[in-house]
Amino acid sequence: QQQQQQQQQHMVQQENEKGAKEDVAEQKVERKVRFEVDGLAVEEGQKVGIVGDLPGMGNWNPCQAAIMQPAYNVREKKRVWSITLSVPADSTVSYKYVVLPREEEERKTKTLWETGQNRIFSPDSHDVVCEIFNQHSVP
């Protein structure tokens, strides 16, 4: 009976170790990335967003776009839109900038998408904060 108890304890210990290893594997290192774009003609009530292949970017759904905030870039001396997002450090991110219509229900059909190829970004594993400056190319 003592041998049986030892076997059970050993099995429980193995399961606990396995679970701990899985927990560590699931923890992903993330980087804060500041995306900034300029050169937009935005009408009153419209919003600027970023859409891409991450949940925080809406998984390519403009209805779930990450909304950017207007700001002023002191270095460049111009109006910009920016947002800081958490991005997995070991990832390659595809994204585009969008101009969203005033009404949320119109986002599926009236969103203005950036033209050209998707933008691609891979955060440097040494960077704590990355800054991405882009020129916008929405028609």
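Predicted model: local features only at pLDDT ≥ 70, side-chain atom pairs only at ≥ 80, totals over all residues.
Two strands pair if DSSP finds at least two bridges between them.

Strand S4 covers residues 69-73 and strand S5 covers residues 78-88. The two run antiparallel and are joined by five bridges. Gln69 has Ser82, in S5, as its bridge partner. Four residues lie between the strands of this hairpin. In the hairpin, Lys77 takes a positive phi, near 55 degrees. On strands in general, side chains alternate between the two faces of the sheet when the strand is regular.

**Salt bridges**

The structure holds three salt bridges.

| Arg | Glu | Closest N and O atoms |
|---|---|---|
| Arg34 | Glu36 | 3.1 Å |
| Arg102 | Glu43 | 3.7 Å |
| Arg119 | Glu114 | 2.5 Å |

Arg34 counts as partly exposed, at 24% relative accessibility, and Glu36 is buried, with a relative accessible area of 5%. The cut-off explains the labels: buried means under 20% relative accessible area, so Glu36 at 5% is buried.

*Arg102 and Glu43.* The salt bridge between Arg102 and Glu43 has its closest N and O atoms 3.7 Å apart. Arg102 lies in the loop between strand S6 (93-100) and helix H2 (107-110), and Glu43 in the loop between strand S1 (30-38) and strand S2 (47-52), so the pair ties together parts that are 59 residues apart in sequence. Arg102 is partly exposed, at 48% relative accessibility. Glu43 is also partly exposed, with a relative accessible area of 49%. Exposed means over 50%, so Arg102 at 48% and Glu43 at 49% do not count as exposed.

*Glu114 and Arg119.* Where is Glu114 found? Glu114 is in the loop between strand S7 (112-113) and strand S8 (119-121). Is Glu114 buried or exposed? Glu114 is buried, and its relative accessible area is 3%.

Definitions and conventions: Residues numbered from 1 in each chain as written. Heavy atoms only, no water. Buried < 20%, exposed > 50% of the residue type's maximum accessible area, 1.4 Å probe, protein only. Salt bridge = Lys/Arg side-chain N within 4 Å of Asp/Glu carboxyl O.
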